[in-house]
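Please examine the sequence and the structure shown here before reading on.

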Amino acid sequence: MSQQPYISVERGAEGGTRMCAVVTVTVDLAAAREGAAAPAPLSRAEVLLLDCSASMGYPREKLWAAQDAATEAVRALPDGTYFAIVAGRHTAELVYPTGSGPSATTLVRADATTRKEAEDAIARLVPSGGTAIGSWLALARELFGPRPAATIRHALLLSDGRNEHEQRAALAAEVTACQGLFTCDALGIGEDWDPDELQLVAGGLDGKADAVRDLDALPGEFRAVTAESVGRRLTGLRLRLTHRAGSGPLTVQQVHPTRRDLLPDRVTISDRCLEFRTPPWGDETREYLVCVAASRTPQEPVDRALWLADLKVVREVRDEEESIAPQLPPARALVVHWTRHRDLYSTYDPKVEHYAHHDALVRGLEEGRAAQRAGDPVRARAAWGEAVRRAHAMGNEPMLQRLGDVVRIIDAAAGEVEIRPDIRPLDINSAMVLRAHSTMLPPQKKRTQHKPQDPECR
């Protein structure tokens, strides 16, 4: 855990502030299996949600690419995986295994025969109708529902259009209904999809959203997303936060590899102990930003570390789950240290500051898009220039590459840019959708004395 615990006594007496820490959790599945009994076969379920609206036929190459990609994903599924293919239009249709309409709740196990049948069903898809993504998710939720609790459930959604046949509130409500039941990655294809809609789906369902920039590369992207899902084998990990009275959590976010707010899954033990669900894990590292309230009473001593909260990784184990037995680390304490020494409280934790940079980068992206839409190129250039400067400071090369399609970068360190005259909607959308999962692990560096853009984050 990384934090800078020092806060000015005066600041604490003025009504308090926030104390932030970055928690790093790394899973090594090979180490977790050492000494454990042979694992039981892991139950998996995969649903492909393919946009088959009328716009997928203009140009027809979009649907052809989607069909090739779906075929690759089906071939990548391990034997025994439960799966289904859904055609998404203004309603959702189960086209495999049964093709019996939106009331079906059947998945089929992957083997040579069912894969061939699925490929034939995919080849018969035709574009028609509109777009209602919430209905696609609702059918996935129905399909996943009967599976055992320990099943790893994943959906892969591809869309080329905006959710014009459904109110945004309905989509948001369906995302909420699906939370905790399955994860979902989302890809936007073509020029007309909405990055905010795809991020609503992927962010709410513990997945990633991204842009399809090359139709020829789409099958490989489907294959990679499917392989990443197959590599996740550890379930049931939770973050447990136990805090002292008056120091409840203000923010709990996953900040790497994707960025999303976490909501408490349930209250345990007491009203000062919260747990936060995490989706299935593979061999990977995730980082979490935890901020709790910190205020000083006159009785609290100065120049002494005082406990604010404990952070611990715990695991909910189910009887039917595979027997991976990870060695869980001990609890880590988040503390506050009131001080009058400026050289202590003016120092900022480099990891916390690193993710504050990412927040500022996202604000620059969003302000630039809003200005461009409003016909204000001067403000758009300034905002996108600031985003370039932040991405350069973080070493965020993927984001710099996407921004390079929107602006010509003259001096990345200074944020000096020029807006390209031939920007496509895809160029802006691809940068916007990347904003939630382009976070980079912070480089190892010393704590800094300068003041960050977000001074409340310590």
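A crossing of two helices is called left-handed if the near helix is turned anticlockwise from the far one by less than a right angle, and right-handed if clockwise. Helices (H or I, at least four residues) and strands (E, at least two) are DSSP runs, numbered from the N terminus. The model discussed here is predicted: local features need pLDDT of at least 70, side-chain atom pairs count only at pLDDT 80 or more, and totals for chains, interfaces and linings use all residues. Residues are numbered from 1 along each chain as its sequence is written, and side-chain values use heavy atoms, with hydrogens and water left out.

The crossing of α3 and α8 is right-handed. Contact (heavy atoms within 4.5 Å) involves, on the side of α3, Ala65, Ala66, Asp68, Ala69, Ala70, Glu72, Ala73 and Ala76. Helix α8 contributes Leu218, Pro219, Phe222, Arg223 and Thr226. By class, nine of these residues are nonpolar, one is polar and three are charged. Here Ala, Val, Leu, Ile, Met, Phe, Trp, Tyr, Cys and Pro count as nonpolar, Asp, Glu, Lys and Arg as charged, and the others, Gly among them, as polar.

Where does the structure hold a cavity, a set of points on a 1 Å grid over the protein atoms alone where a 1.4 Å probe fits but cannot get out? The largest cavity is lined by Arg44, Ala45, Glu46, Leu77, Thr81, Ile152, His154, Ser229 and Val230; lining residues have an atom within 4 Å of a point. Elements giving two or more residues to this lining are β4 (44–51), β8 (152–159) and α8 (218–230). Strand β4 supplies the largest share, three residues. The lining divides into four nonpolar, three polar and two charged residues.

Terms used:
1 Å grid on protein atoms, 1.4 Å probe; cavity = no way out; pocket = protein on both sides within 12 Å on 5 of 7 lines; lining within 4 Å.
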